[in-house]
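Subject: The structure we talked about

Hi,

Here is the structure I promised to pass on. Have a look at it first, and then read my notes below with the viewer open.

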Amino acid sequence: MQYKLPERLRELRIERGISMQQLSRMLDVADYTANRWERGITIPNTEYLFKLCKFFNCSADFLLGLKDE
């Protein structure tokens, strides 16, 4: 199984038509933080993983690549 958060995060962000800066502001994180998540350098903590799931209306399993739905 492959870790897919960077890929899924980018896909969802693009589907929504928002920039990384816009996502950062909506989640109240520094621009470089969301950039590092999307590049796979770091992973969001549980608080931000929860916020990402709520924002994109998806499960953590999907976002992390544990499920494809």
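This is a predicted model: local features need pLDDT of at least 70, side-chain atom pairs count only at pLDDT 80 or more; totals for chains, interfaces and linings use all residues.

**The core**

Start with the middle. The largest nonpolar core has 18 residues, and the members that touch the most others are L9, L23, W37, L52, F56 and L63. Helix α4 gives the most, with five residues. As background, nonpolar side chains tend to be buried together in soluble globular proteins.

Once you leave aside its neighbours within four places in sequence, L9 is in contact with L23, W37, E38, L52, F56 and L63.

L49 sits in helix α4, and its relative accessibility of 15% makes it buried, because the cut-off for that is under 20%. Setting aside neighbours within four places, L49 is in contact with L5, P44, A60, L63 and L64. Take A60 from that list: L49 and A60 are 11 residues apart along the chain, yet their C-alpha atoms are separated by 7.0 Å.

**Helix α3**

Which residues of α3 are buried? They are A34, W37 and E38. These three cover an arc of only 95° around the axis, so they lie on the same side of α3. The buried residues of α3 pack against α1, α2 and α4. After α3 comes G40, which has a positive phi, near 80°.

**Aromatic rings**

How many aromatic pairs does a search of the whole structure find? There are two. You describe a pair of aromatic rings by the distance of the centres and the angle of the planes, so here are both values for each pair.

- W37 and Y48 have their centres 5.8 Å apart and 45° between the planes, which makes the pair tilted. W37 belongs to helix α3 and Y48 to helix α4, so this pair ties together parts that are 11 residues apart in sequence. W37 is buried, at 3% relative accessible area, and Y48 is buried as well, at 17%.
- F55 and F56 have ring centres 4.9 Å apart and planes at 80°, so this pair is edge-to-face. F56 is buried at 6% relative accessibility, whereas F55 is partly exposed, at 22%.

Two arginines also sit over rings. The charged end of R16 is over the ring of F55, 4.7 Å from its centre. R8 lies over the face of F62, at 4.2 Å from the ring centre.

**The cysteines**

Are C53 and C58 bonded or too far apart for a bond? The sulfur of C58 has its closest cysteine sulfur in C53, 4.6 Å away, and that is too far for a bond. A disulfide needs the two sulfur atoms within 2.5 Å, and the count of disulfides comes to zero. Both cysteines are tucked away from the surface by the numbers: C53 counts as buried at 11% relative accessibility, and C58 counts as buried at 18%.

**Two loop residues**

D28 has a phi near 60° and lies in the loop between α2 and α3. D28 is exposed, with a relative accessible area of 65%. N57 has a phi near 55° and is found in the loop between α4 and α5. N57 is exposed too, with a relative accessible area of 69%.

Cheers

Technical notes:
Residues are numbered from 1 along each chain as its sequence is written. Side-chain values use heavy atoms; hydrogens and water are left out. A nonpolar core is a set of buried Ala, Val, Leu, Ile, Met, Phe, Trp, Tyr and Cys residues joined through side-chain atoms within 4.5 Å. Buried means under 20% relative accessible area, exposed over 50%, partly exposed in between (1.4 Å probe, protein chains only). Helices (H or I, at least four residues) and strands (E, at least two) are DSSP runs, numbered from the N terminus. Contact means heavy atoms within 4.5 Å. Rings of Phe, Tyr and Trp (its six-membered ring) pair if their centres lie within 6.5 Å; planes under 30 degrees apart count as stacked, over 60 as edge-to-face and the rest as tilted. A charge sits over a ring if NZ of Lys or CZ of Arg is within 6 Å of the ring centre and within 35 degrees of the ring normal. The arc is that of the directions from the helix axis to the C-beta atoms.
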